[in-house]
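Subject: Structure for your review

Dear colleague,

Please find below the sequence and structure that I am handing over to you. My notes on what was found follow directly after.

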Amino acid sequence: MEIALKVNIDFEEVLFRQKPQPHLNESLEFLAFWVETKPLLTKKSYSPSYLSYVTEHTHVQPRFKREGSHELWWGDLSRPELMRRIAQKSFCFHFFKDSWQLEGICPRSWQEVEDYLVTFERCLLKGEGKMSGRGHRIITPQELSVLRNTHFEPCVLEPLFERVEDISALYVSDEKKFVFYKNQIDKKFQWRANRIEEGLEVPARWTHELTMLRDTLSHLGYAGPFSVDAFTYRKNDEIKFYPGSEINPRKTMGWVNYKLKEKWRRAASLLGMESKVLSLSQWELLAQNSDVLLLSPPENKFLLYWIGADTASDLDSKQRKFLEQLQGP
């Protein structure tokens, strides 16, 4: 019997808090339609027009199972202790801290947070075990007076950097290589888009340490896909590089973008998300745009789309026209 795929986007929630988020999974499980051929384990129903659209573009008809044997698609939960260790923000921080002389601490109490705020009046607190910027919060002495009355949980605390550009390194485990791409992050530190194109330059020192990180994870027992989120920031009129905000030991949106880029054989690609719910009629109108793939179905709680192009400028043009069309007259 063929094993179905269960898209567990709630990987971190289950891993750290044992709190499944089925609605979160259902809001993104459609990603598997675009890059896989196995049936999807789901209780959700999809409109015939959407399923026909997927089949037309992938040449694979989506299949479903309501119950039965399955494998987790987004992240591995068979070894929770190992995965919790790797996914902790502190693991990434300690891996890069000494060689890059990173500013920041892993406080053990609110008192240590208060002591750190004496030097840096505005800091970023990154909670353990949260996905895509969730659990990040800006801390000031005023806010700390309120937080002191709450339970302290492990975290990473660092200065609030003036970020310039967000970059990620994706390790594609089945191809045994790294792929680098840009991320678009909103003011709440949550993901909004990523972009892969030729010519993205990253520090050679970083690529060397990423190889060391891959070997470290392999030695620990993890050999699957992972990404490392990094960024450049401005300090004293100088652009500096921060090599690792977090390690995501699972599939990521960057992985999805890369697989779509390779499937459609494009030189540049963009995976984006818009906080907009499309009615069936709106979705069907936008689906006529041959430059864009509407990955998400009608009436999803947000719109996820993908654009491929032969050049970076062509990618910009296609995205601009699509967003104008999305906004309407």
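In these notes, contact means that heavy atoms lie within 4.5 Å. This is a predicted model, in which local features need pLDDT of at least 70 and side-chain atom pairs count only at pLDDT 80 or more, while totals for chains, interfaces and linings use all residues. Residues are numbered from 1 along each chain as its sequence is written, and side-chain values use heavy atoms, with hydrogens and water left out.

Helices (H or I, at least four residues) and strands (E, at least two) are DSSP runs numbered from the N terminus. Buried means under 20% relative accessible area, exposed over 50%, and partly exposed in between, with a 1.4 Å probe and protein chains only.

Gln21 sits in the loop between α1 and α2. Leaving aside neighbours within four places in sequence, Gln21 is in contact with Asp10 and Glu13. With a relative accessible area of 32%, Gln21 is partly exposed. Its C-alpha atom is separated by 32 Å from that of Phe96, 75 residues apart along the chain.

Asn25 belongs to helix α2 (residues 22–26). Its relative accessible area is 8%, so Asn25 counts as buried. Beyond its neighbours within four places in sequence, Asn25 is in contact with Val7, Asn8, Ile9 and Asp10.

Leu285, in helix α11 (residues 280–286), has a relative accessible area of 53% and is therefore exposed. Leu285 and Gln325 are 40 residues apart in sequence, with 9.8 Å between their C-alpha atoms.

Next comes a sheet. Two strands pair if DSSP finds at least two bridges between them. Three strands form an open sheet in the order β6-β5-β7, with antiparallel pairing. Its edge strands, each pairing on one side only, are β6 (136–139) and β7 (155–159). Strand β5 (residues 123–127) pairs with β6 over four bridges in the antiparallel sense, and Leu124 stands opposite Ile138 in β6. Helix α6 (residues 89–100) packs on the sheet and touches β5, β6 and β7, its direction making about 50° with that of β7. Helix α7 (residues 110–117) lies across β5, β6 and β7 and runs at about 10° to β7. For these angles, axes are lines fitted to C-alpha atoms, for helices over the stretch in contact, and angles run from 0 to 180 degrees between N-to-C directions.

As to the interior, a nonpolar core is a set of buried Ala, Val, Leu, Ile, Met, Phe, Trp, Tyr and Cys residues joined through side-chain atoms within 4.5 Å. The largest has 85 residues, of which Leu31, Trp206, Leu295 and Leu304 touch the most other members. Strand β15 (residues 303–309) gives the most to this core, with six residues. A second, separate core of 12 residues includes Trp110, Cys123, Leu144 and Leu157.

On a 1 Å grid over the protein atoms alone, a cavity is a set of points where a 1.4 Å probe fits but cannot get out; lining residues have an atom within 4 Å of a point. Grid points are joined across faces, edges and corners, and a volume is the space filled by probe spheres set on the points. The structure holds one cavity of 30 Å³ or more. The largest cavity has a volume of about 70 Å³, and its lining includes Leu5, Phe33, Glu36 and Arg63.

Yours sincerely

Terms used. On a 1 Å grid over the protein atoms alone, a cavity is a set of points where a 1.4 Å probe fits but cannot get out, and a pocket is an open set with protein on both sides within 12 Å along at least five of seven lines; lining residues have an atom within 4 Å of a point.
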